[in-house]
Amino acid sequence: MYDTDVLVIGAGPTGLALAASLVARGVTTTVVDQQAAGANTSRAAVVNARTLEVLEDLDLARRLVKEGVEAPRFTIRDRGRTLIPIDFSGLPTEYPYSLMVPQSTTERLLLERLEELGGSVQRPRSVTAIDQDPDGVTATFEDGDVVRARYVVGADGIRSIVRQQAGIDFEGSVYDESFVLADVKLTGDAPHDQVILYWATAGLTVVAPLPDGTYRIVAPVADAPEAPSAEFVQQILDTRVGANRLQVTAVVWVSRFRVHHRVADTFRAGRLLLAGDAAHVHSPAGGQGMNLGIQDAVALAQTLAAVLDGAPDSLLDEYSDTRRPIAKDVVAMTHRLTRLATLPPAVRPIRNAVIGLAGRVPSIRLALARRLSGLVYR
């Protein structure tokens, strides 16, 4: 006797995309999350072309595009000097751009679609134990309730209880640097249709447009304060973008965090499966994290639906064997970008000179566009 076919633990973008994909395929799905509400801040702020492609069947791509800012260019600069111009507009996709949209909007649209399909999220509910046997999985909740499922998916982040209960190792480490994320109002030479990555001697900074006239700032900082102020963000812009080029007029949201880079040893242990941050975490460089998780979710939904419809259980091994190398590749790429960003100041001018030379090669620009857009993982 089963209460549900699939129990999804975690209702961030990965869990919501997985649940909506499963329900759309007729799979009985229960979603639980320990948080009382979904994200109400921007956090992950870019949806790439490949993610929009995989969300088409859920009728979500057009909804996201309607609420986001299209950025068809990604430019790497050293202050006012362009090192590498990356143009997405010629890519073979219906979405030749980075879509800048707050995570809170992405989660809202995913939840709305899940509810339209007949699903829902149970909040706040915390799982304390997960026991699997040859026929199914028993999940015990903090309130003593028990749910019996055919499969359980952990979309519950870096501290995933599903991964822990499955005994899956999560190898990796944490960067020494902290990162500042800030959504601000700007005046001055702010980009309206592109994401700019500034490789300055003083350090790296990303400036990207968001809806409603705000801008996302991302910057690694050796010792960022716990609550960075507007003055702190302004200092970053003055030293890394250039004095008087951008002025912070208001801070909408700001956060400091440290970044792990880890990949689970496997994405499957019997009837327990992992997706999103429960399976892989990495630097925000390149804006790949949420995108990789949503792509995991759609791939896993297709596989689970097939298995529940009678396909061989071994298909779930193929999910792990296919998605884990992609995660490792993304983690390696973002690690290289982060290491380049945090090189000692003395060698950063040399780095910028090399990057500038590489930016003159069309094949390199195209390869970067394909990788940042996610199309390389089709």
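Strands are DSSP runs of E at least two residues long, numbered from the N terminus. In this predicted model, strand S5 covers residues 73-78 and strand S6 covers residues 81-87, and Arg 79 lies in the loop between them. The phi of Arg 79 is near 55 degrees, a positive value in a residue that is not glycine. Most residues other than glycine have a negative phi, and most peptide bonds are trans. Arg 123 and Pro 124 are joined by a cis peptide bond, with omega about -25 degrees. Pro 124 belongs to the loop between strand S8 (121-122) and strand S9 (127-133).

Two packed helices are described by the angle between their axes and the distance between the axes. Helix H1 (residues 13-24) packs with helix H7 (residues 289-308) at an angle of about 25 degrees, and their axes are 8 Å apart. Angles under 35 degrees count as roughly parallel, and H1 and H7 are therefore roughly parallel to each other. Their crossing is right-handed. On the H1 side the contact involves Pro 13, Thr 14, Ala 17, Leu 18, Ser 21 and Leu 22, which meet Met 290, Gly 293, Ile 294, Ala 297, Val 298, Leu 300, Ala 301 and Leu 304 of H7. By class, the residues of this contact comprise 11 nonpolar, 3 polar and no charged.

H1 also packs with helix H4 (residues 103-116), at an angle of about 20 degrees and with the axes 9 Å apart. That angle makes H1 roughly parallel to H4. The crossing of H1 and H4 is left-handed. From H1 the contact draws on Pro 13, Leu 16, Ala 17, Ala 19, Ala 20 and Val 23, and from H4 on Gln 103, Glu 107, Leu 110, Leu 111 and Leu 114. These residues divide into 9 nonpolar, 1 polar and 1 charged.

H7 has a further partner in H8. The axes of H7 and H8 come within 9 Å and cross at roughly 170 degrees. Angles over 145 degrees count as roughly antiparallel, and H7 and H8 are therefore roughly antiparallel to each other. In H7, the residues Leu 292, Gln 295, Asp 296, Ala 299, Leu 300, Thr 303, Leu 304, Ala 306 and Val 307 meet Leu 315, Leu 316, Tyr 319, Arg 323, Ile 326, Ala 327 and Val 330 in H8. The contact of H7 with H8 has 12 nonpolar, 2 polar and 2 charged residues.

The spaces within the model involve several of these elements again. The count comes to 1 cavity of 30 Å³ or more, and the largest cavity has a volume of about 40 Å³. Its lining consists of Asn 48, Gln 288, Asn 291, Leu 292, Gln 295, Val 330, Gly 374 and Tyr 377. H7 gives the most to this lining, with 3 residues. By class, the lining of the largest cavity has 3 nonpolar, 5 polar and no charged residues. Leu 292 and Gln 295, which line the cavity, also take part in the contact of H7 with H8.

The second largest pocket holds about 330 Å³ of space. Of the 18 residues that line this pocket, Arg 50, Val 54, Val 298, Ala 299 and Gln 302 lie nearest its centre. The elements giving two or more residues to the lining are H1, helix H2 (49-54), H7 and helix H8 (315-341). H7 gives the most, with 4 residues. The lining of the second largest pocket has 7 nonpolar, 4 polar and 7 charged residues. Val 298, among the residues nearest the centre of the pocket, is also part of the contact of H1 with H7, whereas Ala 299, likewise nearest the centre, belongs to the contact of H7 with H8.

How values were computed. Residues are numbered from 1 along each chain as its sequence is written. This is a predicted model: local features need pLDDT of at least 70, side-chain atom pairs count only at pLDDT 80 or more; totals for chains, interfaces and linings use all residues. Side-chain values use heavy atoms; hydrogens and water are left out. Axes are lines fitted to C-alpha atoms, for helices over the stretch in contact, and angles run from 0 to 180 degrees between N-to-C directions. Angles under 35 degrees count as roughly parallel, over 145 as roughly antiparallel, 65 to 115 as roughly perpendicular and the rest as oblique. A crossing is left-handed if the near helix is turned anticlockwise from the far one by less than a right angle, and right-handed if clockwise. Contact means heavy atoms within 4.5 Å. Ala, Val, Leu, Ile, Met, Phe, Trp, Tyr, Cys and Pro count as nonpolar, Asp, Glu, Lys and Arg as charged, and the others, Gly among them, as polar. On a 1 Å grid over the protein atoms alone, a cavity is a set of points where a 1.4 Å probe fits but cannot get out, and a pocket is an open set with protein on both sides within 12 Å along at least five of seven lines; lining residues have an atom within 4 Å of a point. Grid points are joined across faces, edges and corners, and a volume is the space filled by probe spheres set on the points.
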